[in-house]
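Work through the exercises below. Try each task before you read its solution.

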Amino acid sequence: MRKVALIALLIGGVCVAGDKVSWTESVADGLKAAQDAGKPAFLYFFSPSDGICKKFEETVLDDERVVAESAKFVCIRVDCDKDEESMKKFGVDSWPACVFAKGSGDKISDLEARDAEKAARQMAKVAENFNK
């Protein structure tokens, strides 16, 4: 039974690995996985050398409430130093930034929250309304 549950989680594109968000680094692969799983995508735009991004990861993205909500998404990390095309596509002009999108690549909305509690609430709302 545990093997079946593990396989279901892997096929479903679940975004949680232990107590951290599990990210894919490919926008194309992540959007396809979201479309295949019938889930929204959660894209995190960052710069690896930026201190504000590191702080955002520690205080928001690593928070247990955000990690729990991330299971409802296919999560994609977008390195802004390497992927300007995705920044343009999703209307990102600074980082850190988070965007909710459909697997088709259509943008749903931006993550407006800058604290973990509000971010988790917004994530829950996007996931709840996704298939309505």
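**Strand pairing and cysteines**

Strand E6 (residues 107-110) is joined to E5 by 3 bridges, and the two run antiparallel. This is a predicted model, where local features need pLDDT of at least 70, side-chain atom pairs count only at pLDDT 80 or more, and totals for chains, interfaces and linings use all residues. Residues are numbered from 1 along each chain as its sequence is written, and side-chain values use heavy atoms, with hydrogens and water left out. Strands (E, at least two residues) are DSSP runs, numbered from the N terminus. Two strands pair if DSSP finds at least two bridges between them.

**Exercise 1.** Find the partners of E5 residues in E6 and E3.

*Solution.* 
- Start with E6: Ser109 is the bridge partner of Phe100.
- Look at the turn. E5 and E6 form a hairpin with 5 residues between them. Gly105 in that turn has a positive phi of about 95 degrees.
- Go to E3 (residues 41-46). E3 pairs with E5 in the antiparallel sense, over 5 bridges.
- Tyr44 stands opposite Cys98.

**Exercise 2.** Which residues lie on each side of E5?

*Solution.* 
- One side holds Ala97, Val99 and Ala101.
- The other holds Cys98 and Phe100.
- All of these are buried, meaning under 20% relative accessible area.

Definitions and conventions: Buried < 20%, exposed > 50% of the residue type's maximum accessible area, 1.4 Å probe, protein only. Helix = DSSP H or I, 4+ residues; strand = E, 2+ residues; numbered from the N terminus.
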